[in-house]
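I opened this notebook to keep track of what I looked up, entry by entry. The structure comes before the notes.

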Amino acid sequence: MERRGYRAARGVRETLGILGRHVPLDIHAVPSGTECFDWTVPDEWEIRDAYVMTEDGERIVDFRRNNLHVVGYSEPVDATMSLDELSPHLHTLPEQPDAVPYVTSYYNRYWGFCLSHRQLETLGQGPYQVRIDSTLAPGVMNYGELLIEGECADEVLLSTYVCHPSMANNELSGPVLTTYLARALLDRGKPKYSYRILYLPETIGAICYLSRHLDELRRRVVAGYVVTCIGGPDDFTYLASRSGATLADRVALHALRHCGAPYKKWDFTRRASDERQYCAPGIDLPVCSLMRSKYHDYPEYHTSLDDLDFVRPEHLEASYDLYMRCIDTLEVNARYRTTTLGEPNLGRRGLYPTLGDRTHLVQEVEDMLALLAHSDGTMDVLAIADLYDRPTTAYGSIAVRLVEAGLLDHVEATGC
Amino acid sequence: MERRGYRAARGVRETLGILGRHVPLDIHAVPSGTECFDWTVPDEWEIRDAYVMTEDGERIVDFRRNNLHVVGYSEPVDATMSLDELSPHLHTLPEQPDAVPYVTSYYNRYWGFCLSHRQLETLGQGPYQVRIDSTLAPGVMNYGELLIEGECADEVLLSTYVCHPSMANNELSGPVLTTYLARALLDRGKPKYSYRILYLPETIGAICYLSRHLDELRRRVVAGYVVTCIGGPDDFTYLASRSGATLADRVALHALRHCGAPYKKWDFTRRASDERQYCAPGIDLPVCSLMRSKYHDYPEYHTSLDDLDFVRPEHLEASYDLYMRCIDTLEVNARYRTTTLGEPNLGRRGLYPTLGDRTHLVQEVEDMLALLAHSDGTMDVLAIADLYDRPTTAYGSIAVRLVEAGLLDHVEATGC
Amino acid sequence: MERRGYRAARGVRETLGILGRHVPLDIHAVPSGTECFDWTVPDEWEIRDAYVMTEDGERIVDFRRNNLHVVGYSEPVDATMSLDELSPHLHTLPEQPDAVPYVTSYYNRYWGFCLSHRQLETLGQGPYQVRIDSTLAPGVMNYGELLIEGECADEVLLSTYVCHPSMANNELSGPVLTTYLARALLDRGKPKYSYRILYLPETIGAICYLSRHLDELRRRVVAGYVVTCIGGPDDFTYLASRSGATLADRVALHALRHCGAPYKKWDFTRRASDERQYCAPGIDLPVCSLMRSKYHDYPEYHTSLDDLDFVRPEHLEASYDLYMRCIDTLEVNARYRTTTLGEPNLGRRGLYPTLGDRTHLVQEVEDMLALLAHSDGTMDVLAIADLYDRPTTAYGSIAVRLVEAGLLDHVEATGC
């Protein structure tokens, strides 16, 4: 689905403020009217109040109860009207009568309310007082950015969005999980890669960021993920990059294979978030997405039912583990080249059991031999691990020992 | 099976004359003795009469009843002989006792008759008057050609053969269907591609044509099909080019997947017609074949039972639709490149629904997004359509609109 | 498993002497202390006697009965001790109580005995007289080599090992089969390829040979096989080269598909013999292995139960046939290019049936057409045979006839 930067500007600033208490965010502001590739940063939408009120003064539809009740980007209205007059501006989901839908209208000036279909069916003829107290005026679009510097300039990108956080799986889970990942990275020692973490309004935010930093991103980003829809109850879901063959994809699939939980695999034809921008022709960043309950694939999607009952701590925890597994895999991954022709003599270096018998080698020795047998300077640790169905992380300390023993050389990558 | 240009010369001219009433054919004539690659155009075979007659004057085997009764390219004979003397010259199919087989002898001087095995078993000892009134003498080999000029010099080749049309599926169906395809192309507006349509004697005709036009064909032909065996009752059958990966192959498989009927896929090891020449090493044209009842794969093949009861109008109609689907796919196919970085803003161009809600996008918008997401200048419309399991033709008018809106650029191909 | 050049030096010389009665071997000697890549040729181990004797003078463990009873490379010992003192030096296989295990200790100075677990359980407290009469001293490492010169300098490598021949499948079967293959090659006419046949101590022998001849091997070897574990009762087992895609691999798989027996396929992750050296990064020779009962995959492996009851003549015969099929496939294989554009006229050369009818072509004509249809100078006979599921050897004499008829040109390979 196309999202064009829904942002109650004040709301976005408030969201970034809360996140900024947990990680040190740079808050950027881009003025309305700024050209970004094919787009223009829109005016700010300020929404103060919105309701439908009966003659008795009862607010039967009330923005203050749930901000989904007002169509996003609604222009102001202040009128009294009958149900018949109001009806074209009321949005419900007849097939989900208890849910309030999430509706926006950016490019057509419009106003409207969203409510449950069950409530709609109880409404009398009115008259109703109908009020939306909103403003559309030049201002800025904000986004948050955090760069965690690593040992190399090469970067891992984590991108999440902050435009409609009143829905829990899509989207609140994204910035929440991303923040915990950032926190963990900050609390560790310096990572190998630098990590660029973005909190953007969907679509317009990603396009705006790309328009300002494309060359740099293309030069530096080795792998990236759109972090969204990551708190719901469904199986892990992998959404491929356009090519499906980037390092980000390989790492995601490796992490999924070793996470011990079932998962679904979708190709780029099922895309619907900011991978649309990151993987667009001419942009071509190595970005895919790991989700749980995927946009469009669960009935609560884009309704008031996507709430804090739908998102559970245990789902977020498993998602956190999965993304940390990706990060750990990236950190360990490298290409090496053996320094000896033929196998090295491990025995005289104390790296091999002294007694040759039929006993199966300990796994660590097997892993060492695997690294030595395949490190030809082109195959990376991830590929070797996949060949042996081993977690890449198992090779980390072994590779370090073999480098220290002078048996493997690290093949330098650009930027690292 | 090797066919070496069977052609009762007068019969070929008659066939081309009939086809020429429906489409404007150029009739070419190549003199006997002309060298064509490893081959030589043979003398003309003129057959006026042929029979086996009893003492009572009854023609029990009679060329005038069915021209299959005489072995193709038979030399003249006029003699009276017993059944024992005649027998070595009689050809039947014991396992199909009612069928008259189709037999030829080009490179060995020989004469013979073909009849049903059932009839053979009723023959008395004779004597029989045996007569073949034929001539082998220098003349010409004819073939028909039609070039329908398109907007580009790049060509689609349709090749069919006209050497033994007394059998209906293999081969009359080929020139008949090809003629209706040519008629349809002539009756439409100017196509994108030029269409080169050939009516040749099998093998020697194709070799002769290639020997005269190879450079031109290699420069221009983007896809080609050998149209044969296309009127019988069996499933569609795809016979791959040598590589199996040409545009002709991709289009044929795409058309089959979307035709709604079952089909068989064979690789080049099952070839037996003029794809043998078009795909030969050093020729290497992108040519495959779409058939129904495939040569060698139905019992009526190369017998008198391959007749107008075996070929049915409804089969020809479905075949026509399949080949038109190939043509339409070729006409629509192209490579595009997006003009914007990131997705374009479709909304402000009126190309996108104004209200963002959960409703599934109409298919047309999905198709538009697919074209924009994958048009990187290398992936063609056919590949995008296959990725989304959509008919390529669905993208035709959408691509035009996106080009008009300035969002896609056509990537020029050579010759177009 | 890592093997580091076990060699009772005298034993190796004796083995090579016996093999040299069947084929003319060059015996090479490399002095102890010679540097070979990352390794050093070790001192010679001389073992004269070894036993555990009771007070009654009974040798209850006796090297003269089975040389497995002494741990390979044991240092000398001559002492009287109780069972408790002796126990740390006794090796058994509790899960295979009747088997004597094969144990070595190269890089740790050590001594020990191997016996069946059943025997261990009967031992009283002693005291025992314990004696190993061995010497470790500078000498040489020997290996055998035979070069059978062919018409071209390009080589096929057969490598087998001679360090622990007291076990029958792994390893006696290897040098025995290799010797019969060499004998057969010597008794034929001059082959197309040269054959380099090596009898080496495992690991150290291969590393030593590579360190002296790497450039030459890399320039010449087109395919090679490690011949080991080839006499047992289990299914044929293919162990791939590192890439799995060399000519050696293709030929091995082709031979297996046509040998009529079931077989197993393993990738390089299951390697455990000298393919570890031949396929190491930077060595990169096209070497794989065809086995029967594969190392590690049968319970008798590296025990006294791997004996002449386990290896049977009929297994060796089938293995001989399989390797000869590989050799014959290599000899026949070549790349050709057609000399005509389009198919040649086979009929006028007497290479094609004179009468064109529905009869299926004889297989020989089909094979001829296949060679002509695909010989584009890049596809080799092996690839064409695999496409048609035919044995490559079927194409041998046909290719010769087509070359003689001037219809195929041999595409010269380097070194041939």
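**Entry 1: a surface patch on chain B**

I began with B:Leu172, which is partly exposed, with 30% relative accessible area. The model is a predicted one, and I kept that in mind for every entry. I looked up where the residue sits: B:Leu172 belongs to helix H4 of chain B, residues 168-187. I then checked its part in the surface. B:Leu172, B:Val176, B:Tyr180 and B:Leu308 make a nonpolar surface patch of about 370 Å².

**Entry 2: helix H4 in chain C**

I turned to helix H4 of chain C, which covers residues 168-187 and has 20 residues. From first C-alpha to last I read a reach of 26 Å, close to the 28 Å expected at 1.5 Å a residue. Is H4(C) largely enclosed or largely open? I found 14 of its 20 residues buried, so H4(C) is largely enclosed by the rest of the structure.

**Entry 3: how the chains are related**

I looked up the superposition of chain A on chain B. A rotation of 120 degrees, with 0.0 Å of shift along the axis, does it at an RMSD of 0.0 Å. This is the relation of a three-fold axis.

**Entry 4: aromatic pairs**

I searched the whole structure and got 18 aromatic pairs over all chains. One of them joins A:Trp111 and A:Phe113, edge-to-face, with 6.2 Å from centre to centre and 75 degrees between the planes. In chain C, the rings of C:Trp111 and C:Phe113 have centres 6.2 Å apart and planes at 75 degrees; angles over 60 count as edge-to-face, so this pair is edge-to-face.

I checked how covered these residues are. A:Trp111 is buried at 10% relative accessibility, and A:Phe113 is buried at 1%. C:Trp111 also counts as buried, at 10%, as does C:Phe113, at 1%.

I looked for cis peptide bonds. The bond from B:Gly126 to B:Pro127 is cis, with omega near 5 degrees. B:Pro127 sits in the loop between helix H3 (117-120) and strand E9 (128-137) of chain B. In chain C, the bond from C:Gly126 to C:Pro127 is cis, with omega near 0 degrees. C:Pro127 is in the loop between helix H3 (117-122) and strand E9 (128-137) of chain C.

Next I looked at phi. A:Asp389 is not a glycine, yet its phi is positive, at about 55 degrees. I placed A:Asp389 in the loop between helix H10 (381-388) and helix H11 (396-404) of chain A, and its 57% relative accessibility makes it exposed. C:His296 also has a positive phi, near 75 degrees. C:His296 lies in the loop between strand E16 (287-291) and helix H8 (313-332) of chain C and is partly exposed at 24%.

**Entry 5: salt bridges**

How many salt bridges does a search of the whole structure find over all chains? I got 81. I followed up a few.

- B:Arg348 forms a salt bridge with A:Asp38, with the closest N and O atoms 3.0 Å apart. B:Arg348 is in a loop of chain B and A:Asp38 in a loop of chain A, so the pair joins two chains. B:Arg348 is partly exposed at 46%, whereas A:Asp38 is buried at 10%.
- A:Asp386 and A:Arg257 meet in a salt bridge of 3.0 Å, N to O. A:Asp386 is in helix H10 and A:Arg257 in helix H6 (residues 247-258) of chain A, so the pair ties together parts 129 residues apart in sequence. A:Asp386 is partly exposed at 29%, and A:Arg257 is partly exposed at 39%.
- C:Arg118 forms a salt bridge with C:Asp98, and the closest N and O atoms are 2.7 Å apart. C:Arg118 is in helix H3 of chain C and C:Asp98 in the loop between strand E7 (90-91) and strand E8 (113-114), 20 residues apart. I noted C:Arg118 as partly exposed, at 45%.

I ended with a network: salt bridges link A:Glu145, A:Glu155, A:Arg196, A:Glu216 and A:Arg220.

Definitions and conventions. Residues numbered from 1 in each chain as written. Chains lettered and ligands numbered in written order. Predicted model: local features only at pLDDT ≥ 70, side-chain atom pairs only at ≥ 80, totals over all residues. Heavy atoms only, no water. Helix = DSSP H or I, 4+ residues; strand = E, 2+ residues; numbered from the N terminus. Expected span 1.5 Å × (residues − 1). Buried < 20%, exposed > 50% of the residue type's maximum accessible area, 1.4 Å probe, protein only. Least-squares fit on C-alpha atoms with pLDDT ≥ 70 in both. Patch = residues over 30% accessible without salt bridge, like charges linked within 9 Å, V, L, I, M, F, W, Y side chains within 5 Å. Areas by Shrake-Rupley, 256 points an atom, 1.4 Å probe, with all protein chains shown as cover. Salt bridge = Lys/Arg side-chain N within 4 Å of Asp/Glu carboxyl O. Phe/Tyr/Trp six-rings, centres within 6.5 Å; stacked < 30°, edge-to-face > 60°.
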